Amino acid sequence: MRLRVEFTTEPFDLDEVPAHAVVAREVIQTAALDAVDVGPFGNTAEGGADEVLKAVDALLRRSLEAGATRVSLQVNVIGEGEQ
């Protein structure tokens, strides 16, 4: 099974990237995932179910430890041929 995760961390800071956002991006970019897309207001990544769930666990733990007060995420099952 393949999953897609979309997430944001808060609070936002328009002047500089908050530590929790940097940590969240590092977790996703170094995880065994593919189709990673990070941006200033939202991030997505895809991969096998085990890899995505492991990354989500690390993302939640590390971004909250780094000062996030809210993490919004959505996880979807990706069907065959869907991107």
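Predicted model: local features only at pLDDT ≥ 70, side-chain atom pairs only at ≥ 80, totals over all residues.
Arg2 is partly exposed at 30% relative accessibility. Asp34 is partly exposed too, at 37%. Both belong to a salt-bridge network that also includes Arg4 and Glu46.

The structure holds five salt bridges. One of them joins the side chains of Glu10 and Arg70 (3.8 Å, N to O). Glu10 lies in strand β1 and Arg70 in strand β4 (residues 70-78), so this pair ties together parts 60 residues apart in sequence. Glu10 is partly exposed, with a relative accessible area of 24%.

## A pair within helix α2

Asp57 and Arg61 form a salt bridge, their closest N and O atoms 2.9 Å apart. Both residues lie in helix α2 (residues 49-65), four residues apart, about one turn of the helix. Asp57 is partly exposed at 36%. Arg61 is exposed at 53%.

## Largest pocket

The largest pocket has a volume of about 240 Å³. Its lining counts 19 residues, and Phe12, Pro18, Ala21, Arg25 and Pro40 are the closest to the centre. Helix α1 gives the largest share of the lining, four residues. Strand β1 supplies at least two. By class, the lining has 10 nonpolar, six polar and three charged residues.

## Nonpolar surface patch

Phe12, Leu14 and Phe41 make a nonpolar surface patch of about 410 Å². Leu14 lies in the loop between β1 (2-10) and α1 (19-30). Leu14 counts as exposed because its relative accessibility is 75%.

Technical notes: Residues numbered from 1 in each chain as written. Heavy atoms only, no water. Patch = residues over 30% accessible without salt bridge, like charges linked within 9 Å, V, L, I, M, F, W, Y side chains within 5 Å. Areas by Shrake-Rupley, 256 points an atom, 1.4 Å probe, with all protein chains shown as cover. Salt bridge = Lys/Arg side-chain N within 4 Å of Asp/Glu carboxyl O. Buried < 20%, exposed > 50% of the residue type's maximum accessible area, 1.4 Å probe, protein only. 1 Å grid on protein atoms, 1.4 Å probe; cavity = no way out; pocket = protein on both sides within 12 Å on 5 of 7 lines; lining within 4 Å. Points joined across faces, edges and corners; volume = space filled by probe spheres on them. Nonpolar A, V, L, I, M, F, W, Y, C, P; charged D, E, K, R; others polar.
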